[in-house]
Amino acid sequence: MAKSDRMRFPIYLDYSATTPADPRVVDAMLPYLHEKFGNPASRSHAFGWETERAVEQAREQVAALVGADPREIVWTSGATESINLALKGAAQFYRDKGRHLVTVRTEHKATLDTTRELERCGFEVTYLDVKPDGLLDLQQLEAALRPDTILVSVMMVNNEIGVIQDIEAIGELCRGRGIVFHVDAAQASGKIPIDLARLKVDLMSFSAHKTYGPKGVGALYVRRKPRVRLEAQIHGGGHERGLRSGTLPTHQIVGMGEAFRIAKEEMSSDNERIRALRDQLWSGLSEIPEVYLNGDMHRRVPHNLNVSFNFVEGESLIMAIKEVAVSSGSACTSASLEPSYVLRALGRSDELAHSSIRFTVGRFTTREEIAYTIELLRRKVSRLRDMSPLWEMHGEGVDLDSVQWAAH
Amino acid sequence: MSYSAKVVDHYENPRNVGSFDRSDASVGTGMVGAPACGDVMKLQIRVNQDGIIEDARFKTYGCGSAIASSSLVTEWVKGKTLDQAMQIRNTQIVEELALPPVKIHCSILAEDAIKAAIADYRAKREDEPGASLAPSKLAAAA
């Protein structure tokens, strides 16, 4: 197939790893690097007043996308820091109330590694399984809650399979018991509506660079009514009401504000187009034999498709489709040889977990790019299967589960 | 993960992909690895009456380095006696393909595949002619 002159290669289909900053975001940021360089904490002159105004406008823009009060938004360096502040901060503040935390096996490492650290500090953590569709069983969650449970942390949208957890119902379960509820929304902002005025969520973590903003900035929502308290994790000049010290990176914050403003205005039309592209991709890929969709298709963000190409190993497939930028498992773990722990948690076999590719489309994806990707996958999967002893055995009718494999 | 030029070459132009009839008395088949670990290699050798490996085939499920390692050893074993082929070491594969430390297991698997194929061929020669191994038992030969 001839490469069209209009397409740029490689085709980027990894929008859940990161998004390019929208050109409007870049335009908004630039003045704050040079002309408007003041420290927003400088109260004694116009340089500081000017950037403080910009920071507060961005705070309003972020709050507006998620139905929060601007005073509930704390700037951080990204979702990882937000999650660390939320989990460590709440656990430490409420430690005299109880030492038990509940989270989910399919959370991002930013959560799981933080809860491991809290375990080393004397907290006890329950890791809930998910159903085969990737969603949490609410009865199982309810059963895990104890009188000494102080904190529940659940991601709104899974980074690998894109499934959306029932945050509203989980919030109800937690609020009734006085348990602090943290939600990792790094993959959710700008993808699905979030209304914190309605959701019973106490803490919510956000990232800018997954929503067409710059890398290196994020936010933590900290509910005021009922008030949630945190122990600060970074100490210094007492910025952000003492919750997160450090000079505010004005340009980054302005970029996040602009990115979230655009998301609020364009989310519904953007997502309609993106969903059509994702559905076009799945309709093409699902014609290949022995292809499996990972995660529920309906309770799922519009831009994510996670597919296992049975009998083909994911890393070699990624190498075969180098004209397309995708990821196997998640970008954070793809350097390791372990199959995706998220897919394993869904009960997928190791083979299918090893054979998975995550495609995430976005604002700048085109129909031509999707058509090219489908055709490329058809050819390359077929080529790798011709090379695969497992595909050969499958063709001969050998049940691969009955074979005594020599693990190495 | 960035690959060496040699890995990319073997991956894009794999040598000797395919299968021989595993019931043929002159064919030895080695199948090593496990789907759960992300690599399975099947290496087959065809041995002539002088005990020389005259041809080889492979099929591999695995990463680019696993495919390249198995493609490379099909070239290396050709023309060798069984004893000479037994001398191929994974470290030679690592060196030839410039494999990074995380991919050394691919070279070990390729060395094991040669040994398993030779062991299978030798086991067949000891049995009476015509006897063959059930395909599903072969994978355990690592």
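Which residues does A:Val183 touch, not counting residues up to four places away in sequence? I started my notebook there, and found A:Val154, A:Met155, A:Met156, A:Ile167, A:Val201 and A:Met204. For contact I used C-beta atoms, placed from the backbone, within 7 Å of each other.

A note on what I am looking at: this is a predicted model, where local features need pLDDT of at least 70, side-chain atom pairs count only at pLDDT 80 or more, and totals for chains, interfaces and linings use all residues. Residues are numbered from 1 along each chain as its sequence is written, while chains are lettered from A and ligands numbered from 1 in the order in which they are written.

**Entry: cores**

I then looked up where A:Val183 belongs. With A:Leu151, A:Leu203 and A:Tyr221, A:Val183 touches the most other members of the largest nonpolar core, which has 84 residues. Apart from that core lies another, of 69 residues, including B:Val7, B:Cys37, B:Leu97 and B:Ala113. My rule for a nonpolar core: buried Ala, Val, Leu, Ile, Met, Phe, Trp, Tyr and Cys residues joined through C-beta atoms within 7 Å. A residue is buried if 20 or more other C-beta atoms lie within 10 Å of its own, exposed if 12 or fewer, and partly exposed in between, with C-beta atoms placed from the backbone.

**Entry: chain A overall**

I counted 12 helices and 12 strands in chain A; these are DSSP runs numbered from the N terminus, helices being H or I of at least four residues and strands E of at least two. The C-alpha trace spans about 75 × 55 × 35 Å along its principal axes. Chain A has a radius of gyration of 22 Å, which agrees with the value near 22 Å for a compact globule of 408 residues. That radius is taken over C-alpha atoms, and the globule rule is 2.2 Å times the number of residues to the power 0.38. Of the 408 residues, 51% count as buried. Among contacts with a separation of 6 or more, 75% come from residues 24 or more positions apart.

**Entry: strands of chain B**

Next I followed strand 2 of chain B, where 8 of the 9 residues are buried. Strand 2 pairs antiparallel with strand 1 over 8 bridges; pairing asks for at least two DSSP bridges. B:Ala34 has B:Asp39 as its bridge partner. The two strands form a hairpin with 4 residues between them, and B:Gly38 in the turn has a positive phi of about 90°. Another 8 bridges join strand 2 to strand 3 of chain B, again antiparallel, and here B:Val40 stands opposite B:Tyr61. This hairpin has 5 residues between its strands, with B:Gly51 in the turn at a positive phi of about 80°.

**Entry: helix 4 of chain B**

Which residues of helix 4 of chain B are buried? I found B:Asn90, B:Ile93, B:Val94 and B:Leu97. B:Ala98 follows helix 4, with a positive phi near 50°.

**Entry: where the chains meet**

Last, I checked the contact between the chains, which takes 29 residues from chain B and 24 residues from chain A. Strand 1 gives the most to the chain B side, with 4 residues.

Terms used: Two residues are in contact if their C-beta atoms, placed from the backbone, lie within 7 Å.
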